[in-house]
Amino acid sequence: MVDIVGFCLSFVSFFGIYAILTLSLNLEYGFGGQPNFGQALFYGMGAFVTAILTSNLLLILTHQHLENICTISSLVERETIATSNPSATLLAWAISGITSIIVGAILGFIASYPALRVKEEWYLAMVLLVAAQIFVIVFRYNTRLGCGFDGIAGISNPFSWLVSLTPINSPVIPNLVYSAIILLFTYLCFVLTERLTNSPFGRLLKSVRDDWLASSTLGKNVNKIRTQVMIIGSSMASLAGWLYVYYIGVANTEDYTSTFTFSIWVMMILGGFANNRGAVVGAFFITALDRFTLIGSTLLQAYFPGFNPNIISYSKYLLESLLLLLLLVFRPKGIMKEGVILTPAYRLFSLRMGEKKNERNYS
Amino acid sequence: MAFPRVAIALLIIGLIVGVGIGFGASLAFQRPSSTQKTVTYTIGVIMPLSGTLASFGTSFVNSVKLAVNEMNANLSAIGSPIRFNVVVADDGGTPAGALSALQSMYQSYSVQVVIGPLTSAEVLGLRDYADANHIVILPPAATATSLRIANDYVLRPGQPGDQFEGSALAQTILQFGEKYVVYIYRGDTSEIGTYNITSGILKQHGVSVIGIEYTPAQSDYSNIVASASSDVANFLSNGASKSQIAVVLGGYGTEAANMFVHASTDQYLTQVRWFGIEALNDISLLSDAQVASFMAKVNLTITAPEFKTSPQGINFVKAYTQAYGSPPEPYSNYAYDNAWIAMLSILVAGTYNGQVLVKIVPLVADHYFGASGTGIYLDQYGDQTIAYYSIEKLVKIGQTYNFTIIGEYNGGTNQVSLTSK
Amino acid sequence: MLNWLLGSIVRSIFESGIFLMVSIGLTLTLAVVKLPNFAHAEFITIGAYTTLIVTQFLPNNLPFALIASFLISGLIAIVVHQLAYKPLIKRRSSLYILVLASFAVAQFLRYTVFILASIGGMLSAHPLINVVPVLYIAGQALTNIYLLTLLLAILSAVFLSLFFKFTLTGKSMRAISSNQVLAQLSGINTERAINVMWILAGGLAGVGGSMLSPYVTVTPALGFNLLLEIFAVVIFGGLTSFIGTILGSLIMGFAENSLMDFLNIYFSVPYTYTPLIPFSLIIIVLLIKPTGFGLSYSVSRALKQRLIRTQSR
């Protein structure tokens, strides 16, 4: 009776997006030492930029007049175009994706400025945390920027037009395609971060993270490195926002609060600092915790009437925080430990030397 | 690369446990029950049960459960094999949470009708999924105009849209001869919408309106109250008389209580008449002596749904209080009504198919009269077209405070008629 | 024209008093154990709920409610320290681990309160304390709660400064704050001093929550909503300075009230943008003068000594 396919699709979609976010945070903090407590800001900005741009682009590309994107008629119009006009939809999707990455990069550049300016690192954390809150308030109450409280809706799956083309007429097809695309982007981000960190640049990042003074004495441009890592991390987070908003269909500030940033931190800590595989594992674990408790709760209630679900919904939060505390006390490096930087040269070297291909673990 | 074994083990254990629960439960159901063949229909409820809206969410969930229990009792009394079951999921008040909750419900038992969510933001989060999978969504109290979309699966036979309350409020204020209005309203979609409509009508009739929007879920609103007070003082100093000045409160619950406490010690705000929205008829406000005495002092006049005159409405409040120990939160009667409409639609249709139900629900709703005290007639957007409000004033009777009816608003004719002042 | 100003000032002072009560504990925590405790706000919630429960049985009994809130919040603070923070500090965890741990503790406490409140039907309730106006200044009422808050804030400030100056535990705390290792080597019982610090930190926050509760209605998210503003107060004050916290509370109280009133009256900025003020101030302070506006005790003493030395020449 359980819809396995549907469950896997929805699980994979959320997991993919969260994995990208965790990878980006891991890059910024795990490798780069920059504590980004405002990751939701870049995520949300990518989402809102996507929503605003798509809403306008869809009208432009179908040669219609621009109108206020917050009205119902424009919402209905957007959805109709998505189901009938493949070229406009896909083009708008692609353009908004590229734009959100660029906007993320610019924001990352701006956000790295406090990092250079403040004396102690946790000030950066505070500044970003507060900036994320400002973002939420401004976009929630300002109807010109983000359509106010309800956000911008009507951002349909960019493959909705597939439904009418296939003989089955099932909504599963666009979901399947889009989930596959999310996974593809997750894989690309993983490959990118692995390449980035298993390289001289990765060594540079770690040296700046561990002892920026020493790095600086050795002639490395600490500021430039920090800026670069923030730019890459933020663009990745905005990419995740772009993917997410097309999945859920609405850009609403409630999804981008500091509570969500905290969840990403939990995923990263769980999986392991400075370990990209760990980041993915951490995201998987927390997504699994969320989805399995939810579906477990609904199943139990459906087949055992009288079962009280409140315990499960609250205890999920308790479990998450308890888990984090236990991890921090007993295993602060996470499930997967930080490994050696495996540049291509090092791999060759270890092959030649006949050493084991396993990672040496720092404890 | 060798993965640490602990990680693998942990993951596998987690997966096995999760999948085990799922499959075990579904297998348990598929085993036929040895006794009578009962047919169980499961209604989903998606509400915020954590976070700032938790008290409303919990009250709405309890109201749905009350309705389901009543229906089951009636069905078993007549010997019917049909029973209803409720599955509740917490969505945390976010669109992502609402979508996840709906996905889980659909994936675990193919839910076809859901009561909820609470706010229009959450509704927008799960709307696409509901439309694609043909799940009927009945949000009891999400009155935002952004949801007036035709031919989708979101139907709102619950609370009437803000345009009715706005009009009723505006006309009542005009009939009291007010010329200067200070309107304090909550910064959420419904109250902003109500404010826009009310102030629009008032301004058309030459009334000066000052609007003060406040952030929901804050601890203290002394600055809002002080701002209103100085606005009233300004009106007075510009020559207006007390009887021509009014304060309107588009807010409720703990925020209203906080503001009333502050206003009760203010020399200007206690001298003018106050108006308000239906949610101010709240037992938690009335049972607080300080708050209630202020409300009575300023002759607080609200537009209230007519559920106080409807037998189902009175019964609902009684039954809820008896079952859960405290009265329901405002607007809970709409959750109760939506649950009844959902169950009646399933019985009428004889099937649990969402594509059929989306056609049957308007039919049943149009012929339903329940705890909300007014009839229901849905338009092409699936929204209420009629609304009846009574205009009520708070008075002190003996030692208790109660709202008494002083007039009514007819949504059909869009007219307010006052019987007393 | 400026008739709003006086009432605005009165309200600002009240809010400064509340902020002082709830923030001083965080300053203490930062000074003595160098821990930015994001769970501090939950002590406020616990204090408010204690008052709620106590007044159900003893309505209007403020002294009892205050003492109970102080004790219970202080107790929870110590338990949290012993169970969660001490192990982490012992193994010299980095700052972010501590911050994350405090986030986790905050979430744990908050949802425990949620569960208990929803079982007890107290998800949003009002304590049975009467708010009675005592006198009026420029149309703004000064209520009994208002005056009590001011009194308590001033008393706490005086008590704490005497405590730090004259008692052994207080001086131990200052020693630990300036150099913990040295303090331990000098034979100071750091364990005891830190425990007392936690009781004070949690207890004062609980009393702050208690003073806030007659005005607002108590929900499990009560403290959490104030978290960033409390951090703003502490940041303005330079994180570890006691006097700085007083300054920071005043800045916060006035910024959120008088400044916002000013912006609203003359620039029509709606009140919904009020939180932007403390947030923007945090960013500005951190970027321009990260050490805040206060002086730490050791710095001010060093300055005073320098002054004495120059004068005695």
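A: Two residues are in contact if their C-beta atoms, placed from the backbone, lie within 7 Å. This is a predicted model: local features need pLDDT of at least 70, side-chain atom pairs count only at pLDDT 80 or more, and totals for chains, interfaces and linings use all residues. Residues are numbered from 1 along each chain as its sequence is written, with chains lettered from A and ligands numbered from 1 in the order in which they are written.

Q: Which domains is chain B divided into?
A: Chain B has domain 1 (39-159 + 313-366) and domain 2 (162-299 + 387-418), with bounds from an automatic or database domain assignment. Their centres, taken over C-alpha atoms, are 31 Å apart.

Q: And how many residues of domain 1 of chain B are in contact with domain 2?
A: Eight residues of domain 1 of chain B are in contact with eleven of domain 2 of chain B.

Q: What about chain C against chain B?
A: There, 35 residues of chain C are in contact with 35 residues of chain B. On the chain C side, α1 (3-33), α4 (95-120), β1 (133-137), β2 (140-143), α9 (222-236) and α10 (242-267) each supply at least two residues. Helices (H or I, at least four residues) and strands (E, at least two) are DSSP runs, numbered from the N terminus.

Q: Changing topic: where does L325(A) lie, and is it buried or exposed?
A: L325(A) belongs to helix α14 (residues 310-330) of chain A.

Q: What does L325(A) touch?
A: Not counting residues up to four places away in sequence, L325(A) touches A84(C), A101(C), A104(C) and V105(C). Within chain A, the C-alpha atoms of L325(A) and V266(A) are separated by 9.9 Å, although these residues are 59 apart along the chain.

Q: Which residues of α6(B) are buried?
A: Among them are T189(B), I192(B), Y195(B), I197(B) and L202(B). What covers the buried residues of α6(B) includes α4 (120-133), α5 (162-175), β5 (180-186), β6 (208-214) and β7 (245-250) of chain B. Just after α6(B), G206(B) adopts a positive phi of about 80°.

Q: What is V247(B) in contact with?
A: Leaving aside neighbours within four places in sequence, V247(B) is in contact with V182(B), I184(B), A228(B), V232(B), L269(B), V272(B) and W274(B).

Note on methods. A residue is buried if 20 or more other C-beta atoms lie within 10 Å of its own, exposed if 12 or fewer, and partly exposed in between; C-beta atoms are placed from the backbone.
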